[in-house]
Amino acid sequence: MCKIEGMDEIEKIKNAIRQPILESRYSKRWLAREAGVVSGTLTGMESPEWNPTAAVLSKLLRVVRRRPLGKAANQRSLAA
């Protein structure tokens, strides 16, 4: 397998985007809507073969960093 420089960083970014979804902190649909991407873009994101464009990764990461706790439509508000 050929190792391309920067791939480790890309995997870190993909994992940072996956984590809140896998922890059910927010839904794929919510994340896609907030990032301004088509929800189908997140299909298969759990797989190591998921291969979004750099532009999509950038948009998704911006949302994850901006809203680290997230609130999906089916979750209760954390506000006291």
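This is a predicted model: local features need pLDDT of at least 70, side-chain atom pairs count only at pLDDT 80 or more; totals for chains, interfaces and linings use all residues.
The largest nonpolar core holds 17 residues. Within this core, Ile17, Leu31, Leu42, Trp50 and Leu60 touch the most other members. The largest share comes from α3, with 6 residues. In soluble globular proteins, nonpolar side chains tend to be buried together.

Leu42 illustrates the contacts of one core member. Beyond its neighbours within four places in sequence, Leu42 is in contact with Lys28, Leu31, Ala32, Trp50 and Leu60.

Helix α3 has 13 residues. At 1.5 Å a residue, α3 should span 18 Å, and its end C-alpha atoms are 18 Å apart, so the two values agree. The buried residues of α3 are Val56, Leu57, Leu60, Leu61, Val63 and Val64. Seen down the helix axis, the buried residues of α3 fall within an arc of 160°, and therefore line one face of the helix. An α-helix has 3.6 residues a turn, so residues three or four places apart point the same way. The buried residues of α3 pack against α1 and α2. On the other side of α3, Ala54, Arg62, Arg65 and Arg66 are exposed.

The structure holds 1 aromatic pair. Tyr26 and Trp30 form this pair, which is tilted. The ring centres of Tyr26 and Trp30 lie 4.6 Å apart, with 40° between the planes. Both Tyr26 and Trp30 are buried.

Methods: Residues are numbered from 1 along each chain as its sequence is written. Side-chain values use heavy atoms; hydrogens and water are left out. A nonpolar core is a set of buried Ala, Val, Leu, Ile, Met, Phe, Trp, Tyr and Cys residues joined through side-chain atoms within 4.5 Å. Buried means under 20% relative accessible area, exposed over 50%, partly exposed in between (1.4 Å probe, protein chains only). Helices (H or I, at least four residues) and strands (E, at least two) are DSSP runs, numbered from the N terminus. Contact means heavy atoms within 4.5 Å. Rings of Phe, Tyr and Trp (its six-membered ring) pair if their centres lie within 6.5 Å; planes under 30 degrees apart count as stacked, over 60 as edge-to-face and the rest as tilted. The expected span of a helix is 1.5 Å times one less than its number of residues. The arc is that of the directions from the helix axis to the C-beta atoms.
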